[in-house]
Protein chains: 2
Amino acid sequence: MGQKSHHYDGAMARWEPGARERLVLAAVDLCTEQGYDATTVAQIAERAGVTKSTFFRHFPDKRELLVAGQETLRQLLIEGIAEAPEGASPLTAVAAGLVRASSVMGPVNRELAPRLKAAVAASTELQERDALKIVSLAAAMTDALVARGVPQAIAALAAELGVLAFKRGFAEWSEGDRDTEDELAGYVLAALDELRTATASLG
Amino acid sequence: MGQKSHHYDGAMARWEPGARERLVLAAVDLCTEQGYDATTVAQIAERAGVTKSTFFRHFPDKRELLVAGQETLRQLLIEGIAEAPEGASPLTAVAAGLVRASSVMGPVNRELAPRLKAAVAASTELQERDALKIVSLAAAMTDALVARGVPQAIAALAAELGVLAFKRGFAEWSEGDRDTEDELAGYVLAALDELRTATASLG
């Protein structure tokens with residue numbers, strides 16, 4: 001301990017994050033400062049002002065910490081797709097999943113995104129982890145569409161459009177003007193519309 | 001040494017593989033037998049009948065060995081897209097890249113595919129590596145299309161269709177009747193056509 005200024009008291013006042021959020025903030029900052037490989041679980045816990053046991057109650061390891069939240073996204077995407085109205089087209093169902101997943105992304109995510117992106121860019125290990133999570137999001141969306149009776153090829157394609165739209169929308173949202181209170185969903189749906197239009201120009 | 005029966009003499013007679021191919025065969029078999037984590041570079045080299053130095057002349061580590069070839073694919077995809085006729089549509093350019101990449105996939109790849117798939121399925125580490133390679137193939141195809149003047153959203157979408165088509169075509173080819181001498185390209189182009197048709201049903 002003894003690094004009081006690093007304990008995110010200011011951030012706590014603004015966001016009132018719990019231990020989980022403090023751990024994510026601490027990990028992202030440490031990885032940005034000294035690199036992913038040099039950052040240990042002990043350092044992350046110390047910086048966040050919690051014990052190592054608390055760390056391990058929230059995350060199995062440091063790698064999982066940095067891609068946490070994607071399991072939540074997966075569940076929300078699937079639920080949104082499954083609960084879309086019966087006659088909804090594949091892309092309309094995907095849009096419903098994207099809106100639901102976007103709803104959990106708030107100011108903390110927007111604030112953290114550039115630092116998280118930098119941490120991932122600097123570590124092949126994190127890039128690999130991230131890539132597999134994205135592949136599994138696409139697979140989960142495909143399965144959810146197939147469960148609605150969408151043929152496999154159409155389901156796979158709609159899911160890829162959904163993943164691309166989420167990635168593009170999220171990038172624009174997190175790089176955009178953070179003083180506005182834009183919600184992520186608007187960016188993601190705009191990206192999905194752009195991709196839907198693009199399908200007409202594939203040749 | 002002393003495991004003469006494992007040295008793929010039969011395979012050598014059929015395929016005449018060099019050290020590189022023997023190393024891949026040995027690694028896939030060892031990973032299937034005893035798991036990825038338990039398999040060492042020393043064991044792979046011994047099974048292939050080469051020294052560890054020879055291993056390291058071909059691959060930086062065991063993980064790289066199992067996803068080797070994807071760099072070759074990347075280069076061929078890019079070349080095929082870059083060299084497509086000037087007026088070619090985005091998907092026609094992608095098809096040209098896919099045909100060129102498919103041309104290097106022969107009987108050895110087809111034979112190995114199910115075992116390689118099993119080895120990857122059993123290892124999260126390999127799945128992560130594989131996922132990142134696929135993401136980077138999509139990014140490379142996107143860049144190659146943008147370099148042809150294709151707008152970014154259309155390029156990203158065409159590249160995703162290309163990746164999906166290659167994965168689907170490859171799976172069908174490698175699971176299909178290996179007594180026939182079907183070429184991979186036919187499977188991949190059929191999958192691309194199916195996906196192109198599917199774009200009309202996204203809603």
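This is a predicted model: local features need pLDDT of at least 70, side-chain atom pairs count only at pLDDT 80 or more; totals for chains, interfaces and linings use all residues.
On the H7(A) side they are Pro90(A), Leu91(A), Val94(A), Leu98(A), Ala101(A) and Ser102(A), and their partners in H10(A) are Ile154(A), Ala158(A), Leu161(A), Gly162(A), Ala165(A) and Phe166(A). H10(A) covers residues 152-175, and its axis lies 10 Å from that of H7(A), at an angle of about 35°. The crossing of H7(A) past H10(A) is right-handed.

H7(A), which spans residues 90-102, also packs on H11(A), residues 184-198; here the angle is about 155° and the axes are 9 Å apart. Because of that angle, H7(A) is roughly antiparallel to H11(A). This crossing, too, is right-handed. From H7(A), the residues Leu91(A), Ala95(A), Leu98(A), Val99(A) and Ser102(A) take part, and they meet Leu184(A), Ala185(A), Val188(A), Leu189(A), Leu192(A) and Arg196(A) of H11(A). The tally for the contact of H7(A) with H11(A) is 9 nonpolar, 1 polar and 1 charged.

Let us turn to chain B. Helix H2(B), residues 19-34, and helix H3(B), residues 41-48, have axes that come within 8 Å and cross at roughly 120°. The two helices are therefore oblique to each other. H2(B) passes H3(B) in a right-handed crossing. H2(B) brings Arg22(B), Leu23(B), Ala26(B), Ala27(B), Asp29(B), Leu30(B), Glu33(B) and Gln34(B) to this contact, while H3(B) answers with Gln43(B), Ile44(B), Ala45(B), Arg47(B) and Ala48(B). These residues divide into 7 nonpolar, 2 polar and 4 charged.

Here are the helix pairs side by side:

| Helix pair | Angle | Axis distance |
|---|---|---|
| H7(A) and H10(A) | about 35° | 10 Å |
| H7(A) and H11(A) | about 155° | 9 Å |
| H2(B) and H3(B) | roughly 120° | within 8 Å |

How do the two chains relate to each other? The same surface serves both copies, as 100% of the contact residues of chain A recur in chain B.

Finally, the interface itself. In it, 29 residues of chain A are in contact with 29 residues of chain B. Between them the chains bury about 2700 Å², and carbon and sulfur atoms give 69% of this area. Three residues stand out on the chain A side: Glu128(A), Leu157(A) and Leu202(A) supply 27% of the area that chain A buries against chain B, more than any other three residues.

Conventions:
Residues are numbered from 1 along each chain as its sequence is written. Chains are lettered from A and ligands numbered from 1 in the order in which they are written. Side-chain values use heavy atoms; hydrogens and water are left out. Axes are lines fitted to C-alpha atoms, for helices over the stretch in contact, and angles run from 0 to 180 degrees between N-to-C directions. Helices (H or I, at least four residues) and strands (E, at least two) are DSSP runs, numbered from the N terminus. Angles under 35 degrees count as roughly parallel, over 145 as roughly antiparallel, 65 to 115 as roughly perpendicular and the rest as oblique. A crossing is left-handed if the near helix is turned anticlockwise from the far one by less than a right angle, and right-handed if clockwise. Contact means heavy atoms within 4.5 Å. Ala, Val, Leu, Ile, Met, Phe, Trp, Tyr, Cys and Pro count as nonpolar, Asp, Glu, Lys and Arg as charged, and the others, Gly among them, as polar. Buried area is the accessible area (1.4 Å probe) that two parts lose on being put together, summed over both.
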